[in-house]
Amino acid sequence: MHTSAIHVNGLTKVYHVPERQAGLLAAMRSLVQRKVREVHAVENVSFSLAPGEIVGFLGPNGAGKTTTLKMLSGLLFPSGGEVSVLGHVPSRREAAYLKQITLVMGNRNQLQWDLPALDSFELQRAIYRIPTDQFQTTRDEFIEMMEVGDLVRKPVRNLSLGERMKMEIIGALLHRPQVLFLDEPTLGLDVTMQRRIRSFVADYNRRHGATVMLTSHYMADVEALCRRVIVIHHGKVLYDGALSGLVDRFAAYRQLGITLAEPADLGEYGEVVSAEGSKVVLRVPRAEASRITARLLANYALTDLTIEEPPIDDVIAQVFATEADQPAMSG
Amino acid sequence: MLDYYWTMARTAIITQFQYRTANYFYMIGMIAEPVIYLVVWSTIATAQGGEVGGFTPGAFAAYYIVWTLVRNMNIVFTPYGWEWRIKRGELSAALLRPIHPLHQDLAYFGGWKLVVIVLWLPIAAILALIFQPTLNPTPLEIGVFAIAIWGAYLIRSMFLWLLGMITFWTTRVSALYELYFAVELLLSGRLVPMSLLPPWARDLALFMPFQWTFGFPIEALVGTLSTTELLTGLAIQVLWILIGLGLVQLVWRAGVRRYGAVGG
């Protein structure tokens, strides 16, 4: 029995993918000699999430994020390893388990297309057998939090992508799940919608103490919600630890924002990212940032100087560039 | 569970009433098939001195007018829809709900049937005015018919679910579906009343579920069955429902395991 909400140990998923060369001859040959390639979508992944924790699950396309989330939610059977979520084995898909989780995928539509979202919410009530009082309270609370009071009576087909996504999320959480698997919940949405959904997830987590695993290609989502991230690449965990630790460990450079008393060419000190009059942004190797800063202060009259970490997107790109076969790191 | 069935059926009713015009055209389009059968058999009956195998033109009219409703009760989630359901991710969504997806289909299409019955009444009235059916059902026949059309719906739902679930293993099953539908057309009472089939075909049909989804409900209302046959028919419907349900459960478990292994 684990005290963690989610416990994963040595989780592995291997797909057997048939493949053949192009052309008629290859097609005929494949009739008698079928070639199957093993694809290790997830390989020996281990981690735990404490109850109430929000963790960013990051990786490039095809890294194994969605496969992992599908195994955690019970949609896929693992090829190996152990998974326990709220004390349940997800692949058994027990009703008692399914009532406590939700999986929101940014590209899925579970609402009744021709009807107002309110009708779909009513259906959720019946599916999850939510007591009427609790259902009405939760529904009204969520509608208010998402600011969609004027939209819930419109047929879903008449809503914008962002509005539909808000409804999807409300519908997915009406039964007040204890574990949320959110797979790209802000995919394709504008900045305002993204912000609203982020704040909703944060509020839900705070009010209901839910555990959240979030994948997103928008680092703003991750920075706003997650203190901890798990980075996965080629099916293996590359990093598991604090988001700030990820920057410390992987940021290869720092950015110096310099305002000179008189314009000058600073190309010899590092890579000039931008130069507008006396304002220069310089990218320098992380290890040399202090020494270069000292040299700049000694050689030029500076009216302002800032030292900044690179944008988190750049750091993540750096992590993905790291060899996937090195042991997982934690921070 | 009743609450779920009612809520889902209500959702289907609201949705289908939004598409009432489309539903009407769909139903009117379906009338062409029985009207052709009716005209052909009535012509043969008249040519043969007024009847064929005990069916007068009026009896044929009754058979094929009731046929139109039973045909609609036979419309369930098609096996072709399974591939679409998997591709669109709807099966994954259904698997995440704490309720078997079979309930979803039974409840949704059940709700749709209620709309169909309401829309069918004026169509049946017009057909009756044109073709003058001989139809004098007893209260027992009406009662058995009212139950049998839902029995038919359940049997066909189970067997088409079974066919559709083959999609878990392969999507190239159109030929198999076509074969199934061809056998069903011949041995169900849809193309021709069961009593007009040759004896060997009737014997073959005894071991298949088809006549209990089509011929039996029609015959229950048009008055060709004895009380014993009516009640035995309902019992056989229950048996086929249970056989179908058992097979669905068996294949479903294996199918979901397969789906979980290869992904959706």
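In this predicted model, helices α3(B) and α6(B) cross in a right-handed way; a crossing is right-handed if the near helix is turned clockwise from the far one by less than a right angle, and left-handed if anticlockwise. Helix α6 spans residues 101-131 of chain B, and its axis lies 10 Å from that of α3(B), at an angle of about 165 degrees. Axes here are lines fitted to C-alpha atoms, for helices over the stretch in contact, with angles from 0 to 180 degrees between N-to-C directions. The pair is therefore roughly antiparallel, a term for angles over 145 degrees. Helices are DSSP runs (H or I, at least four residues), numbered from the N terminus.

On the α3(B) side, the contact (heavy atoms within 4.5 Å) includes I65(B) and L69(B), and on the α6(B) side W120(B) and F131(B) are among the partners. By class, this contact has 11 nonpolar, two polar and one charged residues. Ala, Val, Leu, Ile, Met, Phe, Trp, Tyr, Cys and Pro count as nonpolar, Asp, Glu, Lys and Arg as charged, and the others, Gly among them, as polar.

Now to the other neighbour of α3(B). Helix α2(B) (residues 20-47) and α3(B) (residues 57-73) have axes that come within 9 Å and cross at roughly 160 degrees. That angle makes α2(B) roughly antiparallel to α3(B), and their crossing is right-handed. Residues of α2(B) including Y37(B) and W41(B) meet residues of α3(B) including F60(B) and Y64(B). This contact has 13 nonpolar, four polar and two charged residues.

Residues are numbered from 1 along each chain as its sequence is written, and chains are lettered from A and ligands numbered from 1 in the order in which they are written. Local features need pLDDT of at least 70, side-chain atom pairs count only at pLDDT 80 or more, totals for chains, interfaces and linings use all residues, and side-chain values use heavy atoms, leaving out hydrogens and water.

Terms used. Helices (H or I, at least four residues) and strands (E, at least two) are DSSP runs, numbered from the N terminus. Angles under 35 degrees count as roughly parallel, over 145 as roughly antiparallel, 65 to 115 as roughly perpendicular and the rest as oblique.
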